[in-house]
Amino acid sequence: MSVAEASDAALVQAIARSLSLPLPEPTLPGVILNARILADHAARVLAFELPDECPVATGFAP
Amino acid sequence: MSLHAIAASVREGRATARAGIEAALERIAAADGTLNCFTAVLVERALRRADVVDAAVAAGKDPGPLAGVPFAVKNLFDVAGVVTLAGSRILADRPPAISDAPAITALEQAGAILVGTLNMDEFAYGFSTENEHYGPTRNPHDPARIAGGSSGGSAAAVAASLVPLTLGSDTNGSVRVPAALCGVFGLKPTFGKLDRTGLFPFVDDLDHVGLFARSNADLALAYSVLSGEGVTADSEATPPRAAILGGWFAQPTGEGVAEAVSRVAAALGNPDRVELPASDVARSAAFCITAAQAGGLHRERLTQRPMDFDGATRDRLLAGLLLPAAATDRAQRFRHWYREQARALFEHYDILIAPATICSAPRIGEGSVMIGGREVPVRANLGLFTQPLSFIGLPVVCAPVAGCDPMPLGVQIVAAPGREDLALRMAGWLERCGVIRSTPLPAPQGEYA
């Protein structure tokens with residue numbers, strides 16, 4: 001395991017502990033992979049510049 | 001035979017519903033060992049219901065516009081007396097549902113007859129219906145290939161003519177992807193249009209009820225019953241105003257995809273190409289909302305029985321639980337902005353045309369495909385063109401493009417919110433032109449004959 005991978009694993013495990021979420025050992029590689037994919041998607045969303053007044057659209061129907 | 005023709009023959013006493021149901025049950029028994037569309041076949045219930053329909057006809061009553069039409073539902077719909085699996089092993093321990101989902105009741109009140117429940121990706125989180133617990137659903141056009149998902153059983157059952165009508169659900173493309181890969185018609189109505197009561201949820205902000213059929217007229221008739229709207233597939237001399245979606249929707253794709261869209265564009269006189277801006281962000285936002293909400297929904301099960309999940313589903317759900325709220329909050333705000341971009345396009349056009357998938361059905365177990373000279377993971381990318389559109393709840397008819405050989409491909413016919421009528425009219429016009437039609441099955445051959 002590289003330093004970066006070990007760091008990701010430690011971070012994922014720390015967050016999971018804070019959520020009282022057990023992460024059985026066999027799930028760790030898959031969770032880390034999916035967390036990285038999601039992090040890329042989240043970064044794209046967060047980087048998009050929205051107008052200030054743009055409201056949340058939770059539960060919306062167009 | 002069309003839904004209208006089946007119902008007419010039963011209503012006019014030229015055929016019995018019982019004979020039609022028995023024939024459907026025989027088709028299922030003959031083919032489902034190979035295709036694996038069904039997780040339950042409801043023989044007694046279906047025959048009992050058929051007798052009720054036949055008795056109504058004998059008594060001079062009209063059983064309804066879908067009299068005697070056999071149909072089946074994705075196994076996340078509640079069916080009285082059947083455990084609602086949602087493709088999982090974990091839910092198999094729960095008691096059976098005590099009543100039918102309202103969508104089932106609506107079809108049965110119109111005379112249709114439920115014959116079974118259908119395979120899907122676990123908890124609807126996937127695009128391939130390679131279910132670890134119940135096996136893969138195979139594509140009737142080539143059983144070595146996936147049917148698409150998550151409503152794979154629903155699409156394959158219609159493509160193989162086991163039943164002429166099925167229900168599914170669509171959160172990120174789960175009606176449109178399998179409809180395209182199996183060469184049948186699929187409709188994902190406007191978000192909120194059809195009642196989701198009695199469906200096991202996936203993502204509250206994105207889940208839609210959808211349906212599959214072998215023709216646009218069948219789709220329109222069934223949707224009309226479900227929605228209570230008097231829509232038809234009748235087309236006028238001229239099609240609605242259309243544009244082709246470019247930008248994100250015109251990126252490199254697998255063999256035949258761009259050509260399929262071009263054939264539709266040519267039939268429409270090569271209309272304007274327009275862009276729905278930031279569709280890459282829309283897809284990412286849909287990813288974030290999906291993972292976070294689905295992770296939250298399954299948190300208790302993930303805590304108590306993590307190893308009873310399909311491994312791929314479990315790892316995605318666990319990752320979703322780790323996503324910071326800042327990302328999903330921003331994704332919801334972005335949704336508002338993106339919806340306004342779509343609304344602006346619909347001020348000029350009635351219909352937007354886009355490809356449905358990046359490629360035709362991959363082989364079962366195939367992890368990646370070559371797109372534009374680049375190897376891309378297949379499962380995550382099957383929803384590349386569907387996710388931005390369901391993200392803002394737009395109604396979409398997914399229609400099979402004629403002449404796509406050997407495997408089917410589909411196009412999305414996208415309308416403004418609440419305008420399913422326009423999407424169905426456009427599909428009717430294109431069907432009449434011969435540009436779209438259900439993909440005929442090849443003659444059985446080889447080990448799956």
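This is a predicted model: local features need pLDDT of at least 70, side-chain atom pairs count only at pLDDT 80 or more; totals for chains, interfaces and linings use all residues.
**Exercise 1.** Describe the interface of chain A and chain B by its area, its polar pairs and the side that chain A presents.

*Solution.* Begin with the extent: 35 residues from chain A and 40 residues from chain B take part in the contact, and the area buried between the two chains is about 3,400 Å², with carbon and sulfur atoms giving 74% of that area. Then turn to the side of chain A that touches chain B, to which helix 1 (3-18) and helix 2 (28-47) of chain A each supply at least two residues; helix 2 gives the most, with ten residues. Finally, sorted by class, that side of chain A has 25 nonpolar, seven polar and three charged residues.

**Exercise 2.** Locate the cis peptide bond that joins Gly149(B) and Ser150(B).

*Solution.* The omega angle of this bond is about 10°, and Ser150(B) lies in the loop between strand 7 (142-146) and helix 5 (152-159) of chain B.

**Exercise 3.** Thr129(B) has a positive phi although it is not a glycine; is this residue buried or exposed?

*Solution.* Take the angle first: phi of Thr129(B) is about 50°. The residue is found in the loop between strand 3 (113-118) and strand 4 (130-131) of chain B. Since buried means under 20% relative accessible area, Thr129(B), with a value of 0%, is buried.

Key:
Residues are numbered from 1 along each chain as its sequence is written. Chains are lettered from A and ligands numbered from 1 in the order in which they are written. Side-chain values use heavy atoms; hydrogens and water are left out. Contact means heavy atoms within 4.5 Å. Buried area is the accessible area (1.4 Å probe) that two parts lose on being put together, summed over both. A polar contact is a pair of N or O atoms within 3.5 Å; within protein, one must be able to donate a hydrogen and the other to accept it, and residues adjacent in sequence count only if both atoms are side-chain atoms. Helices (H or I, at least four residues) and strands (E, at least two) are DSSP runs, numbered from the N terminus. Ala, Val, Leu, Ile, Met, Phe, Trp, Tyr, Cys and Pro count as nonpolar, Asp, Glu, Lys and Arg as charged, and the others, Gly among them, as polar. Buried means under 20% relative accessible area, exposed over 50%, partly exposed in between (1.4 Å probe, protein chains only).
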